[in-house]
Amino acid sequence: MPPIFMEPFRIKAVEPLAFPTVEERQLALTNAGYNLFRIPARQITIDLLTDSGTGAMSASQWAAMMSGDESYAGARSFERFESVVGDLTGYREVIPVHQGRAAERLVFSSLLEPGDISVSNTHFDTTRANVEHVGAQAIDMVVSSETNEPLEFGGDLDIDAVTKLLESEDGSRVRCVVLTITNNAGGGQPVSMANVRAARALCDRFNVPLWLDASRFAENAYLVTERDPDYAHLSPRAVAEETFRLADGCWASLKKDAIANMGGVIALQDSALAERLRQLLITTEGFSTYGGLAGRDLEAIAQGLLEVTDTEYLRYRAQAARWFGAELEQAGLPVQNPTGCHAVYVDAAALLPHIPVQHFPGQALACALYEQAAIRTCELGTLAFGAVDPAGGPDIAAPKELVRFALPRRVYTRNHLEYVIEAAATVAAKSEELPGYSIVSQPSALRHFSAHLAPISA
Ligand code: F0G
């Protein structure tokens, strides 16, 4: 039996859910071209599209927002933000930005030249896009399981592979090593402290900076305390502090582990680089003490960063994901194990072997869940990460056909997840009947956000 968990908070403000009828759901799907990004949120009952910017703020965060200082320069809210981020990370320089990808754009356009290499356990898709935008190359090197047994720290950087790269002729082109904690693209798997230390040593040896994409730093720290006996006695906050101090700098989307609806940050030790980043910030984001955010956002973020490392909250979050994953598995969905904290990933290719990857089994599952119960999940397979074959052949497939059931922070209760589990069981029971999809029209890049699709009739 999985451990019983309950939400370690009570609910003070509520928002009604929508319950579209089956006819409304079918019409919504047709109107949206079977693309769930195109369905209006008012026609969704449970929205598990993303854990980004979708969290519920605490009473203390709302209270802090009321004292937001909206001064253009040097606002008191910036001082609070700077001091909270500085205490947590130990970095001297703190630069607010409006969200994670803005941080990535500033960092990579200051750090990389055309032909340079950024190497990471896994670059998130916007991270990769920002590396490539400057004409540089993003290389992913994540550990893989030799026995097919799931790894405790499946987010670890493959240190041997990175060492070989750094020792090779291409080594001199490597300008940064990036650890994404947790590894979102790889199933929300954590990076171990041993791996962070090994990456640090490697970066020292080759004189390359070590950066963190710390968007889910607190969840990574909690999973370290759960999975590494050497860290079991430490608080997640202590683990997070140690992690930041092993790197030279970080950026983060604060829409995740700051439990804020908008925000991002760059924090680092190198003051000369920080000056260059601030110059770019002022040109494209905003003055260096607000970076595209309102004073009230800075307040909500500062408070959220203090709350998110609470052990009770993080334990609940990990338990909720584990329980949800186990129940979905019980309902007949092939779940990727072990679960992390922010989502459960389902292997749609295993559930729907009759649908070839070029007909998007992940999208087939996601559409079926919407049609069944107005649940929105996210395809992370060939629709999102595959590519059109330039030679006109079938689409180039993604490595996996996953559907992500993301868990917004502090938003849905166990009962809401029970509703999803019940709908998933119904869909799984009729999985053989689910149709594949073909693309009717698609843009040249990031097609999963706006492509139109149609079911393939049997
Ligand atoms: N890095 C990671 C690891 C992310 O997961 C994301 C966003 C970003 C950077 C970009 O941050 O959205 O604030 O610009 N992930 C979201 C998701 C969109 O649904 O996983 P952003």
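1. Helices (H or I, at least four residues) and strands (E, at least two) are DSSP runs, numbered from the N terminus. The peptide bond joining Asn337 and Pro338 is cis, with omega about -5°.

2. Before going on, some ground rules: this is a predicted model, where local features need pLDDT of at least 70 and side-chain atom pairs count only at pLDDT 80 or more, while totals for chains, interfaces and linings use all residues. Residues are numbered from 1 along each chain as its sequence is written, and side-chain values use heavy atoms, with hydrogens and water left out.

3. Most residues other than glycine have a negative phi, and most peptide bonds are trans. The bond from Ile181 to Thr182 is cis, with omega near -15°; Thr182 belongs to the loop between strand S5 (174–180) and helix H7 (193–206). Ile259 is not a glycine, yet its phi is positive, near 50°. You'll find Ile259 in the loop between strand S7 (249–253) and strand S8 (264–268).

4. Now the ligand. There are 17 residues around it, and Thr50, Arg101, Asp213, Ser253 and Lys256 come nearest (a residue is near if one of its heavy atoms lies within 4 Å). Sorted by type, the shell has 1 nonpolar, 9 polar and 7 charged residues. For that sorting, Ala, Val, Leu, Ile, Met, Phe, Trp, Tyr, Cys and Pro are nonpolar, Asp, Glu, Lys and Arg are charged, and the others, Gly among them, are polar. Helix H4 (residues 100–111) gives the largest share of the shell, 3 residues.

5. Which atoms pair up with the ligand? A polar backbone atom of Gly100 is 2.8 Å from a ligand oxygen. A polar side-chain atom of Asp213 is 2.6 Å from a ligand nitrogen, and an N or O atom in the side chain of Lys256 lies 2.9 Å from a nitrogen atom of the ligand. On its own the ligand exposes 470 Å², and the protein buries 93% of that (Shrake-Rupley method, 1.4 Å probe).

6. As for the overall layout, the domain assignment, automatic or from a database, gives domain 1 (22–51 + 310–455) and domain 2 (59–307). Their C-alpha centres are 27 Å apart. Contact (heavy atoms within 4.5 Å) links 21 residues of domain 1 with 22 residues of domain 2.

7. Finally, have a look at Asp47, in strand S1 (residues 46–47). Leaving aside neighbours within four places in sequence, Asp47 is in contact with Arg376, Pro408 and Tyr412.

Key:
Polar contact = N/O pair within 3.5 Å; in protein donor to acceptor, adjacent residues only side chain to side chain.
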